[in-house]
Amino acid sequence: MSQENSENVEKDLTQDNIVNDNEDTVNEGIPSAEGLTEEEKLREELAKEKDKFLRLFAEFENYKKRTSKERVELFRTANQEVLQALLPVLDDFDRALVQISKSEDEILLKGVELIHNKLKDTLVSKGLEQVDIKAGDDFNADFAEAITQIPAPSEDLKGKVVDVVEKGYKLGDKIIRFPKVVIGS
C-alpha cells in the first residue's frame, strides 16, 4: 500500500505541475487582467483628480472676480452716506445764492458762489452727479418722485413735470436721492 500511495502522490504532483505549467504559458502571452484594471483605476483616479483640480481652480477664479467686483462697488459707494449728509448743505447753498443774488452786494455773491462751486466740485470729484430733470420732461417714476399733482397749466404739460421742488443726485449709476417734482394732471 505504501507503494501505491507513493505512486498516487507522484501522479497528483505530476498533474499539478502540468496544470501550473499550462497556466504560466497562458499568462505569459496575455497580460493579466489585474494589471489592466490597476492601470485603468489609476487613470480614472488621475482623471477625477484633474477634474477636481480644474473645478477648484475655476471656482477660485470666480471667487476672485466676484470679490474684486464687490470691492470696486464698495469703493464706488463707500462715500454714499457722507455725500447724502452733505446734500442738504448743497441745497442750502443753492437757496442762499438765489437770495443773495437779489441783493446788490456783488462781493458777497461772488464769495458765496466761490464756496458753493468749491463744495460742488469736491462732491462731483467723489462721483456725485445731479439727476438731469427739468420742467416739461416726461414723468418717469424710476427717476423722479412725484410729491403732488396739480392741474396742468397747458395741455402739453399733462403727465409731465411742471416744477422741480428738490434736485436729485446719483452716485455712479445709483440714484441716492430722487428729485422731488410736481406733475401736471
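## Loop, strands and salt bridges in a predicted model

Lysine 134 sits in the loop between strand S1 (128-130) and strand S2 (145-150). Helices (H or I, at least four residues) and strands (E, at least two) are DSSP runs, numbered from the N terminus. This is a predicted model, where local features need pLDDT of at least 70, side-chain atom pairs count only at pLDDT 80 or more, and totals for chains, interfaces and linings use all residues. Residues are numbered from 1 along each chain as its sequence is written, and side-chain values use heavy atoms, with hydrogens and water left out.

Lysine 134 has a relative accessible area of 48%, so it counts as partly exposed. The cut-offs are these: buried is under 20% relative accessible area, exposed is over 50%, and partly exposed lies in between (1.4 Å probe, protein chains only). The C-alpha atoms of lysine 134 and lysine 160 are separated by 9.8 Å. Along the chain, lysine 134 and lysine 160 are 26 residues apart.

### Overall layout

The protein chain has 4 helices and 6 strands. From the N terminus on, the elements run α-α-α-α-β-β-β-β-β-β. Of the 185 residues in the protein chain, 19% are buried.

### Strand pairing

Two strands pair if DSSP finds at least two bridges between them. Strand S6 (residues 180-184) is mostly covered, with 4 of its 5 residues buried. S2 and S6 are parallel and pair over 5 bridges. Here glutamine 149 stands opposite isoleucine 183 in S6. S3 and S6 run antiparallel and are joined by 4 bridges. Glutamate 166 has lysine 180 in S6 as its bridge partner.

Valine 161 belongs to strand S3 (residues 161-166). Its relative accessibility is 0%, so valine 161 counts as buried. Valine 161 and valine 181 are 20 residues apart along the chain, and their C-alpha atoms are separated by 6.5 Å.

Strand S4 (residues 169-171) and strand S5 (residues 174-177) pair in the antiparallel sense over 3 bridges. Lysine 170 stands opposite isoleucine 175 in S5. S4 and S5 form a hairpin with 2 residues between them. Glycine 172, in the turn, has a positive phi of about 70°.

### Salt bridges

Side chains of opposite charge can pair when their charged atoms come close. A salt bridge here is a side-chain nitrogen of Lys or Arg within 4 Å of a carboxyl oxygen of Asp or Glu. The count comes to 13 salt bridges. Three of them are tabulated.

| Pair | N to O distance |
|---|---|
| Arginine 43 and glutamate 39 | 2.8 Å |
| Aspartate 94 and lysine 167 | 3.2 Å |
| Glutamate 145 and lysine 180 | 3.9 Å |

Arginine 43 and glutamate 39 are 4 residues apart in helix H2, so about one helical turn separates them. Arginine 43 is exposed, at 57% relative accessible area. Glutamate 39 is partly exposed, at 38%.

The salt bridge of aspartate 94 with lysine 167 has its closest N and O atoms 3.2 Å apart. Aspartate 94 lies in helix H3 (residues 80-102) and lysine 167 in the loop between S3 and S4, so this pair ties together parts that are 73 residues apart in sequence. Aspartate 94 is buried, with 18% relative accessible area. Lysine 167 is partly exposed, with 29%.

In the salt bridge of glutamate 145 with lysine 180, the closest N and O atoms are 3.9 Å apart. Glutamate 145 lies in strand S2 and lysine 180 in strand S6, so the pair ties together parts that are 35 residues apart in sequence. Glutamate 145 is partly exposed, at 37% relative accessible area. Lysine 180 is partly exposed too, at 24%. Salt bridges that share partners join Asp91, Glu145, Glu166, Arg177 and Lys180 into one network.

### Surface patches

Patches are made of residues with over 30% relative accessible area and no salt bridge; like charges are joined within 9 Å, and nonpolar side chains (Val, Leu, Ile, Met, Phe, Trp, Tyr) within 5 Å. Accessible areas come from the Shrake-Rupley method with a 1.4 Å probe, and for residues only the protein chains shown count as cover.

Phe53, Leu54 and Phe57 form a nonpolar surface patch, with about 350 Å² of accessible area together. Leucine 54 lies in helix H2 (residues 33-77). Leucine 54 is exposed, with a relative accessible area of 53%.
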